[in-house]
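Have the sequence and the model side by side.

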Amino acid sequence: MGKVAIYPGTFDPITNGHLDIIKRALKLFDKVIVAIGENPAKKPLFTKEERLNLVKEAIKELSDGDRVEVAIFSGLLVEFAKKCGANVIVRGLRAVSDFEYEMQLALMNRKLSNNIDTVFLLPSLKWIFLSSSIIKEAAKLGGNVEDLVPSIVAKKLKEKFSS
Ligand code: COA
């Protein structure tokens with residue numbers, strides 16, 4: 001099966017920054033599983049199924065998209081990772097402000113499963129300021145986010161906010 005990594009997140013919705021991390025992870029691992037989960041602190045705009053479909057559409061743009069799997073999970077991430085045969089968790093680090101939360105998450109995951117390590121990847125500088133929340137805020141107010149998200153996401157955001 002080769003080296004399998006899991007890239008978890010809320011992906012509400014997937015952005016070009018997330019795609020950038022997936023591309024980088026594909027250079028390091030044979031298979032990347034994008035795992036769509038629930039952060040109890042967040043109230044997503046898109047349902048899990050909608051987020052799954054958006055990621056599936058978005059990865060069609062990648063040349064190595066056939067090495068990416070997309071799945072929904074609930075419960076503990078490390079348990080899901082084990083089920084998938086992944087012993088690496090990939091997370092994107094954008095700024096120093098991400099670090100404290102990411103370190104806490106990574107250390108808790110290590111405490112829960114000592115066999116799984118977290119690898120942090122840096123997105124390209126042009127995506128460093130992106131987050132799903134800022135994209136949703138701009139789109140909600142009628143801003144153009146077409147350069148920042150996959151085309152299917154831009155379309156779905158327009159639909160969500162016009163209804
Ligand atoms: N480009 C653009 N945006 C990025 C990014 C990148 N490269 N990397 C991170 N982000 C943004 C996301 O869009 C998101 O923005 P938002 O806060 O505006 O929504 C934010 O950074 C970080 O969110 P995300 O990467 O989606 O992670 P999360 O913190 O929402 O999700 C889970 C965390 C789902 C992985 C975590 O809660 C989890 O594992 N839950 C399952 C239960 C569990 O096992 N918990 C851990 C141990 S108790």
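In this predicted model, 43 residues line the largest pocket. Gly9, Thr10, Lys42, Arg91 and Tyr101 lie nearest its centre. The largest share comes from α4, with 9 residues. By class, the lining has 17 nonpolar, 16 polar and 10 charged residues. The space in the largest pocket is about 1,100 Å³.

Now place the ligand. The ligand sits in the largest pocket. Around the ligand are 26 residues. Thr10, Lys42, Tyr101, Ser132 and Ser133 come nearest. The shell divides into 11 nonpolar, 11 polar and 4 charged residues.

Which elements supply at least two residues each of this shell? They are β1 (4-9), α1 (16-28), α4 (96-112) and α5 (132-140). Here too α4 gives the largest share, 5 residues of the shell.

Next, look at the oxygen atoms of the ligand. A polar side-chain atom of Lys42 lies 2.6 Å from a ligand oxygen. Leu77 uses its backbone: a polar backbone atom is 2.8 Å from an oxygen atom of the ligand. For Arg91, a polar side-chain atom lies 3.1 Å from a ligand oxygen. How much of the ligand does the protein bury? Taken alone, the ligand exposes 940 Å², and the protein buries 86% of that.

Technical notes:
Residues numbered from 1 in each chain as written. Predicted model: local features only at pLDDT ≥ 70, side-chain atom pairs only at ≥ 80, totals over all residues. Heavy atoms only, no water. Near = heavy atom within 4 Å. Polar contact = N/O pair within 3.5 Å; in protein donor to acceptor, adjacent residues only side chain to side chain. Areas by Shrake-Rupley, 256 points an atom, 1.4 Å probe, with all protein chains shown as cover. 1 Å grid on protein atoms, 1.4 Å probe; cavity = no way out; pocket = protein on both sides within 12 Å on 5 of 7 lines; lining within 4 Å. Sits in = over half its atoms within 2 Å of the grid points. Helix = DSSP H or I, 4+ residues; strand = E, 2+ residues; numbered from the N terminus. Nonpolar A, V, L, I, M, F, W, Y, C, P; charged D, E, K, R; others polar. Points joined across faces, edges and corners; volume = space filled by probe spheres on them.
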